[in-house]
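Here is a briefing on one protein model. Keep the sequence and the 3D view open as you read.

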Amino acid sequence: MSKILTTALLVLGTFGAYAQAYNTDDSKIALNGYSPVSYLDLQLAQRGSKEYVSEYDGVKYFFTSAEQKKTFDANPKKYLPQYGGWCATGIAIGAKFRTDPNKFLVKGDKYYVYLNSIEVDALQVWNEKGHDAMVKSANENWKTLKSK
């Protein structure tokens, strides 16, 4: 990764780094209220409704329908975003960044969310560096970042 890009990502990350495993604010709502089932099963970013909510590991997940909620409740671990919903590219370079719910990638049975800002399109960076290499780096970094 270029030194300039890495620096830009790290600077952006300083504004969004929180000591928690899940990317939430005080409301404890995951994915900015978007449905994890929509990401994985439909490959769509769809805002969920407060009418259909489940809680898993102290975090609230919203869904578009009762059917989606039931699907999640049957197997919540399947529908959790990678790296607690933090920007996957950020985790790959060693920092936690807030994400744009419309920037995501579904690969196999997992999905990843990304930062998108004027300075950096983290999904584009992820794709340029190669999915397998970025996952390897992110998985290694997540071991320590998860608890920071």
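The lining of the largest pocket is made up of eight nonpolar, four polar and three charged residues. Here Ala, Val, Leu, Ile, Met, Phe, Trp, Tyr, Cys and Pro count as nonpolar, Asp, Glu, Lys and Arg as charged, and the others, Gly among them, as polar. This is a predicted model, in which local features need pLDDT of at least 70 and side-chain atom pairs count only at pLDDT 80 or more, while totals for chains, interfaces and linings use all residues. Residues are numbered from 1 along each chain as its sequence is written, and side-chain values use heavy atoms, with hydrogens and water left out.

**Pockets**

- Rolling a probe the size of a water molecule over the atoms shows where empty space is left.
- A pocket is found on a 1 Å grid over the protein atoms alone: it is an open set of points where a 1.4 Å probe fits, with protein on both sides within 12 Å along at least five of seven lines. Lining residues have an atom within 4 Å of a point.
- The largest pocket has a volume of about 290 Å³. A volume is the space filled by probe spheres set on the grid points, which are joined across faces, edges and corners.
- In the largest pocket, 15 residues form the lining, and P81, Y83, G84, W142 and K146 lie nearest the centre.
- The second largest pocket has a volume of about 200 Å³.
- Its lining has 14 residues, with N23, T24, I29, N32 and R98 nearest the centre.
- By class, four residues of this second lining are nonpolar, eight are polar and two are charged.

- Where is T24 found? T24 sits in the loop between α1 (3-13) and α2 (36-42). Helices (H or I, at least four residues) and strands (E, at least two) are DSSP runs, numbered from the N terminus.
- T24 is buried, at 4% relative accessible area. Buried means under 20%, exposed over 50%, and partly exposed in between (1.4 Å probe, protein chains only).
- Not counting residues up to four places away in sequence, T24 touches I29, A30, V59 and R98. Contact means heavy atoms within 4.5 Å.

**Salt bridges**

- Side chains of opposite charge can pair when their charged atoms come close.
- How many salt bridges does a search of the whole structure find? It finds three. Each has a side-chain nitrogen of Lys or Arg within 4 Å of a carboxyl oxygen of Asp or Glu.
- D73 pairs with K69, with the closest N and O atoms 2.8 Å apart. Because D73 and K69 are four residues apart in helix α3 (residues 66-74), about one helical turn separates them. D73 is partly exposed at 39%, and K69 is partly exposed at 25%.
- K103 and D121 form a salt bridge at 2.9 Å, N to O. K103 lies in strand β3 (residues 100-107) and D121 in the loop between β4 (110-114) and α5 (122-129), so the pair ties together parts that are 18 residues apart in sequence. K103 counts as buried at 19%, whereas D121 is partly exposed at 22%.
- E140 and K143 meet in a salt bridge at 3.0 Å, N to O. Both lie in helix α6 (residues 131-145), three residues apart, about one turn of the helix. E140 is partly exposed at 47%, while K143 is exposed at 60%.

**Nonpolar cores**

- In soluble globular proteins, nonpolar side chains tend to be buried together.
- A nonpolar core is a set of buried Ala, Val, Leu, Ile, Met, Phe, Trp, Tyr and Cys residues joined through side-chain atoms within 4.5 Å.
- The largest nonpolar core has 20 residues, of which Y83, I91, Y112, Y114 and W126 touch the most other members.
- At least two residues of this core come from each of α4 (88-93), β4, α5 and α6. Helix α6 gives the most, with five residues.
- Apart from this core lies another, of 17 residues, among them Y39, L40, V59 and Y79.

- Y79 lies in the loop between α3 and α4.
- Is Y79 buried or exposed? Y79 is buried, at 3% relative accessibility.
- Y79 and Y39 are 40 residues apart in sequence and 8.5 Å apart in space, C-alpha to C-alpha.
- Leaving aside neighbours within four places in sequence, Y79 is in contact with P36, V37, L40, D41, T71, F72 and Y111.
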